[in-house]
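Please read them alongside the sequence and the coordinates.

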Amino acid sequence: MIRRTMRSGVFAAVAALAMVPTLAFAHSGPHPAPGRVATPNGVDLNVRSGPSTAYRVVGTLRDGSVQSLRCKTNGSSVHGNERWYKLPHHRGYVSAHYVHAFRAVPWCRILGS
């Protein structure tokens, strides 16, 4: 009798869970790789609107901060390094010369190609 009640209870619980909608989260691209900002003399790092020092400054990052890196691209050279990292959520670009990526960062996709 106890075994039958337990089976009925388990069956009822499974049936109830089957009726609950499943949560799903969509992501529009690869998960960002983390990177640590390392600037000379502890100054803030400029975040620019594009991958070049010719683009306007749209923000700053603190030395030693850990940031998400969406993708990498080439741009103007900063101390011999032409690589730039795009930050997620349209925040801008930072020179790779000042950032240490903890894992591989994918290349940015060019729209229209």
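1. The disulfide count is one, taking a disulfide as a pair of cysteine sulfur atoms within 2.5 Å. The pair is Cys71 and Cys108, with 2.0 Å between their sulfur atoms. The S-S torsion of Cys71 and Cys108 is about 90°, so the disulfide is right-handed.

2. The basis of these notes is a predicted model, in which local features need pLDDT of at least 70, side-chain atom pairs count only at pLDDT 80 or more, and totals for chains, interfaces and linings use all residues. Residues are numbered from 1 along each chain as its sequence is written, and side-chain values use heavy atoms, with hydrogens and water left out.

3. Cys71 is buried, at 8% relative accessibility. Cys108 is partly exposed, its relative accessible area being 22%.

4. Confidence is given as pLDDT, the predictor's value for each residue from 0 to 100. The protein chain has a mean pLDDT of 77, and 69% of its residues reach 70 or more. Over residues 13-30 pLDDT stays under 50, and the model has four contacts beyond four places in sequence for this stretch; a contact means heavy atoms within 4.5 Å.

5. Helices (H or I, at least four residues) and strands (E, at least two) are DSSP runs, numbered from the N terminus.

6. Which strands pair with strand 1? Two strands pair if DSSP finds at least two bridges between them. Strand 4 (residues 66-69) runs antiparallel to strand 1 and is joined to it by four bridges. Ala33 has Leu69 as its bridge partner in strand 4. Strand 8 also pairs with strand 1 in the antiparallel sense, over three bridges, and Val99 in strand 8 is the bridge partner of Val37.

7. One backbone angle should be noted. His79 has a phi near 55°, a positive value in a residue other than glycine. His79 sits in the loop between strand 5 (71-78) and strand 6 (81-87). The residue His79 is exposed, with a relative accessible area of 63%.

Key:
Buried < 20%, exposed > 50% of the residue type's maximum accessible area, 1.4 Å probe, protein only.
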